[in-house]
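Here is a colleague's note to read alongside the structure. Please keep the sequence and the 3D view open while going through the points.

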Amino acid sequence: MTLVVLPLIILFVKAFEGSDGSFIGLANFIQYFTTPNLTNSLFNTIFVSITTAIISVSLAFLYAYAITRTGVKCKKLFKFTSMLPLFAPTMMLGIGLIYLFGNQGIFTHLGLRLPLYGPLGIIISEVIYTFPQVFLVLLVSFSFADNRLYEVAEVIGTSPIKTFFTITLPSVKYGLISSIFIAFSLSFTDFGAPKVVGGNYNVLATDIYKRVVGQQDFIMGAVVGMILMLPAILSFTVDRFTQSKNQSTISSKSEDYKIKPNKCRDLVFTAYCAVINLLILMLLGTVVYASFIKLWPYDKSLTLAHYFMDSPATGGISSFFNSLLIASLTATIGTAFVFINAYLIEKTRKATLLKQTAYFLSIIPLALPGLAIGISFIFFFNADSNPLKFIYGSMWILLIANIVHFYSVPFVTATSSLKKLDKEFEIVSEAMKVPFYKTFYKVTIPMCLPAILEIAVYLFVNAMVTISAVIFLYPAQFKLAAIAIVNMEDAGDIAPAAAISVLIILTNVIVRVLYELINKKIMNKNLRSHV
Amino acid sequence: MSHLKIENITKRYGRHTVLSDVSLEVEKGEFVCILGPSGCGKSTLLRVLAGLENIESGYVIINGKDVTTVPPSKRNFGIVFQSYALFPNMTVLQNVAYGLSGKKLNKGEIAAKVDQAIETVNLGDHKNKYPQQLSGGQQQRVALARAIVIEPDFLLLDEPLSALDAKVRIKLRREIKTLQKKFGITTIMVTHDQDEALSMADRIVVMNNAVIEQVGSPVEIYETPKTAFVADFIGTVNFINSTSAVRPEWVGIGSEGGVPGKVTDIEYRGAFYRLFVDSQHGHLTVDVKADVKNHVNVEYGTDIFINIPNEKIICLEAV
């Protein structure tokens, strides 16, 4: 908990301090808002994020509708493909665009000249990046439906359009609102895509990077860090609000939605899903292809050389193994940490105020962009007065930053799976004089195993792709794969950057598939034990 | 010509047959209850009538017109579900008006009809509330108002009372019955509750395992059930042998004369006592009034004599 709160407080304090450490109130913010360059990137960011949110939510809305409410074929495949961008660092999306539409891009050579570097490139990347996350939220909203409502409408003779606007749309209203905010704040804080395809178009995330890493201007970095948090905080608040509103609309008596056969509609939506899938596959496929090409676009013979490139300056294949190590540690230590925390909060029978505070603190990281976490960690761990200073500059700070950064979602997963267990387990065990840790080990953990696995995979995948928090914190001799991508791209080595991206996405897909297989086994076993 | 007629309907879910060659006729203004255990196909039959399920074979005929393939909206049914299925984002008023707004009516006419329907179910004070703000009984009344406001030819009720508390259920039972008689609306209700069926229906259709076991008035169903299933499903019954049975309240007891038996247990049921008697007819359940019990002086283990009047013996079809 301390690791969340203290760095944040320091970030907050720094934003109001002069370079000599004295309190100067809003002066930093005033300076920020009167510097045209800086405010410019704020407006750029807002423009990009709004456009992204509109496009991404519209596309994902149709996609989620297709998957849940129509008889589209190969839904599993469609679902899986649309999830692929989640497994890739956002730089990979930018790199894919460069190979397709950049100066030497495939389509550029075919005569399609797009002004890729700048807002267009950023928006396309962000749309693809936010699409799966928005889709997942909408998928959940769409899958909660009471078929009886539709039957009533049908018996009464309501037109399909009126049914859509009076039943379907209101039932997904909150999911829709949440997803707009999610798309907005994700693209508002993303660093990877603008870094690669942003060109001279400044956005906040690249600004903060230049300020801190380039000019060592930590104070202004803190100011931008604070601004970066705003949409996420807003989105977080909206989300809490909508979740509390959402509960009453669906009851246990509801019937699942039944899809009516309609060939024409299914055909249209299948085509739509296929197009979206093709676009995603084309983008990622191009990166895979390019990573094997000797010298794009001049020498198209195949090579594995890019995969073995390694340099002390930019990083390379060794960074990939560093990432594997950190991701594995994040997954194991992080999962244990998250689950035990959730258990303690959930099973504490007394002290509700303490419990609520702990719960609230556990949800906060959801609102924290990685860049803000990165900066606040610099302030916190690099302070001479901090006894933990030795952590700064070691790989452990990356581990801690990852766990804090990705803490909230697993925490919610763990809490809700714990809530499903019978509250009386502990009391019964106590009555039988079985110590609580034995119950925890023998009952709680086995029962929550699916959730635990899900948490581990979530932490692993995110630790593999993340760039935002760690970009400020990585030790020079311990580069992560995502950082290597940024450095290589900076140095013009796009092909090796592509190769590393491919390794990351491949690893994540393998981990995910393994998870699905194991999960299926557990589910089958559980089914048997319940019969 | 009957108002509603279904002929030889068969419906399958994969290999599982839910309705097997079912036929039934319903007269105008009738209140018909379809009664049966869960999974017997009764709800499916109702959904077939409404046009919500496709069928493998058979016909649905309304006023002599084949409507088997007519979509639900063209059949003019009002429907009420167990789960109320109210639109959570609309007020009572909007829920009831929902079905009228597509019809060619002006605003005044709609308002008048909606008001009348809401008054009919006694919800005048709750017009502007949302479903979540209402009790279960009130929600079901809204669903009822929404169903009748479109002035349907038929009212279909799918276990409308099952989700409610016992007291509310009995109150609403009477209200629905009164409303049905007042408007003379042909009503078909699905239920698994025998009391509900006996007290509300003009005719009861007893279903089991995808077929209709028996159709008849409540009195016929109770007093002259045709099959062992019907006899056993409605009320309590003593099987004397494979083709004859008797209701517990029709068995007489006395201190002499008749078949000898021994009382093995006694339950106090408020209005009566239920005795469990071992006799040569097997283990019998016998319901007697308190004064009879006291008169015969029945205790645990008492030897008594039982009488089964011949005219009260139910003759069952041999299976």
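1. The term pLDDT stands for the predictor's confidence in each residue, on a scale from 0 to 100. It is needed here since this is a predicted model. Among the elements of chain B, strand E3 (residues 31–35) of chain B has the highest mean pLDDT, 97, whereas helix H9 (residues 290–296) of chain B has the lowest, 85.

2. For chain B taken whole, the mean pLDDT is 91, and 99% of the residues of chain B reach 70 or more. The scores given for the model itself are an ipTM of 0.72 and a pTM of 0.81.

3. Turning to chain A, its secondary structure amounts to 24 helices and 2 strands. The radius of gyration of chain A is 24 Å, and the globule rule gives 24 Å for 531 residues, so chain A is as compact as a globular protein of that length. Along the principal axes, the C-alpha atoms of chain A fill a box of roughly 65 × 65 × 50 Å.

4. How much of chain A is buried? Buried residues make up 45% of its 531 residues. Of the contacts in chain A with a separation of 6 or more, 81% are between residues 24 or more positions apart.

5. Chain A is divided into two parts, with domain 1 covering 40–201 + 228–302 and domain 2 covering 304–531. The C-alpha centres of domain 1 of chain A and domain 2 of chain A are 25 Å apart, and the contact between them takes 25 residues from domain 1 of chain A and 28 residues from domain 2 of chain A.

6. On the side of domain 1 of chain A that touches domain 2 of chain A, at least two residues each are supplied by helix H5 (90–101), helix H10 (192–197), helix H12 (218–246) and helix H13 (263–291) of chain A. Sorted by class, that side of domain 1 of chain A has 21 nonpolar, 3 polar and 1 charged residues.

7. One of those helices, H5 of chain A, can be followed in more detail. At 1.5 Å a residue, the 12 residues of H5(A) should span 16 Å, and the end C-alpha atoms of H5(A) are 17 Å apart, which agrees.

8. Is H5(A) mostly covered or mostly uncovered? H5(A) is mostly covered, as 12 of its 12 residues are buried. The buried residues of H5(A) include Thr90(A), Gly94(A), Gly96(A), Tyr99(A) and Phe101(A), and among them are also Met91(A), Met92(A), Leu93(A) and Ile95(A).

How values were computed: Residues are numbered from 1 along each chain as its sequence is written. Chains are lettered from A and ligands numbered from 1 in the order in which they are written. This is a predicted model: local features need pLDDT of at least 70, side-chain atom pairs count only at pLDDT 80 or more; totals for chains, interfaces and linings use all residues. Domain bounds come from an automatic or database domain assignment. Two residues are in contact if their C-beta atoms, placed from the backbone, lie within 7 Å. Helices (H or I, at least four residues) and strands (E, at least two) are DSSP runs, numbered from the N terminus. Ala, Val, Leu, Ile, Met, Phe, Trp, Tyr, Cys and Pro count as nonpolar, Asp, Glu, Lys and Arg as charged, and the others, Gly among them, as polar. The radius of gyration is taken over C-alpha atoms; the globule rule is 2.2 Å times the number of residues to the power 0.38. A residue is buried if 20 or more other C-beta atoms lie within 10 Å of its own, exposed if 12 or fewer, and partly exposed in between; C-beta atoms are placed from the backbone. The expected span of a helix is 1.5 Å times one less than its number of residues.
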